Amino acid sequence: MPTEARIESIQHALNQLLNEISPALSKKSESMAADPIGRIDHCINLIKTEASLAVSLIADCVPQGRPMLAEAQQTLKSLESLQLLGQSAIKE
């Protein structure tokens, strides 16, 4: 079982990595910094919404849709990796 200090270190690291992955999402979820796993979940939901919007733009033949979708997919992949690492680290 992780110690309290270790959990705090992990939470700090998760928040820092989230900021590196997506400063914009990090800013939108600042109020959730005390719960980085919940914060990452929230950011995943935000990026999925963004990806859905991108798909709609692509369907409407808007040129910005494709790069927007590619960026959302990459960010989602990184967030899901961070989520997995965070859950594993805190459960130890």
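Author: Two residues are said to be in contact when heavy atoms lie within 4.5 Å. By that criterion, and not counting residues up to four places away in sequence, arginine 39 touches Asn15, Leu18, Ser26, Ser29, Glu30, Met32 and Ala33. The model is a predicted one, in which local features need pLDDT of at least 70 and side-chain atom pairs count only at pLDDT 80 or more, whereas totals for chains, interfaces and linings use all residues. Residues are numbered from 1 along each chain as its sequence is written, and side-chain values use heavy atoms, with hydrogens and water left out.

The setting is as follows. The protein has four helices and zero strands, where helices (H or I, at least four residues) and strands (E, at least two) are DSSP runs numbered from the N terminus. Its C-alpha trace spans about 50 × 20 × 15 Å along the principal axes. Of its 92 residues, 33% count as buried; buried means under 20% relative accessible area, exposed over 50%, and partly exposed in between, with a 1.4 Å probe and protein chains only. Among contacts between residues at least 6 apart in sequence, 54% join residues at least 24 apart.

Arginine 39 belongs to helix 3. Arginine 39 is buried yet has no salt bridge, and the nearest side chain of opposite charge, glutamate 30, is 5.8 Å away. Here Lys and Arg count as positive and Asp and Glu as negative, while His and the chain ends are not counted. A salt bridge requires a side-chain nitrogen of Lys or Arg within 4 Å of a carboxyl oxygen of Asp or Glu. In general, side chains of opposite charge can pair when their charged atoms come close. Glutamate 30 does form a salt bridge with lysine 27, at 3.9 Å from N to O, and the whole structure contains one salt bridge. Glutamate 30 is partly exposed because its relative accessible area is 47%, and lysine 27 counts as exposed because its relative accessibility is 58%.

The helix that holds arginine 39 packs against helix 1. The axes of helix 1 (residues 4–21) and helix 3 (residues 36–59) come within 9 Å and cross at roughly 25°; axes are lines fitted to C-alpha atoms, for helices over the stretch in contact, and angles run from 0 to 180 degrees between N-to-C directions. Helix 1 is therefore roughly parallel to helix 3, a term for angles under 35 degrees, with over 145 counting as roughly antiparallel, 65 to 115 as roughly perpendicular and the rest as oblique. On the side of helix 1, Gln11, Leu14, Asn15 and Leu18 meet Pro36, Ile37, Arg39, Ile40 and Cys43 of helix 3. The residues of this contact divide into six nonpolar, two polar and one charged, given that Ala, Val, Leu, Ile, Met, Phe, Trp, Tyr, Cys and Pro count as nonpolar, Asp, Glu, Lys and Arg as charged, and the others, Gly among them, as polar.

Helix 1 also meets helix 4: their axes come within 11 Å and cross at roughly 175°, which means that helix 1 is roughly antiparallel to helix 4. Threonine 75, in helix 4, is buried because its relative accessibility is 12%. Leaving aside neighbours within four places in sequence, threonine 75 is in contact with Ile21, Ser22, Leu25 and Ile47.
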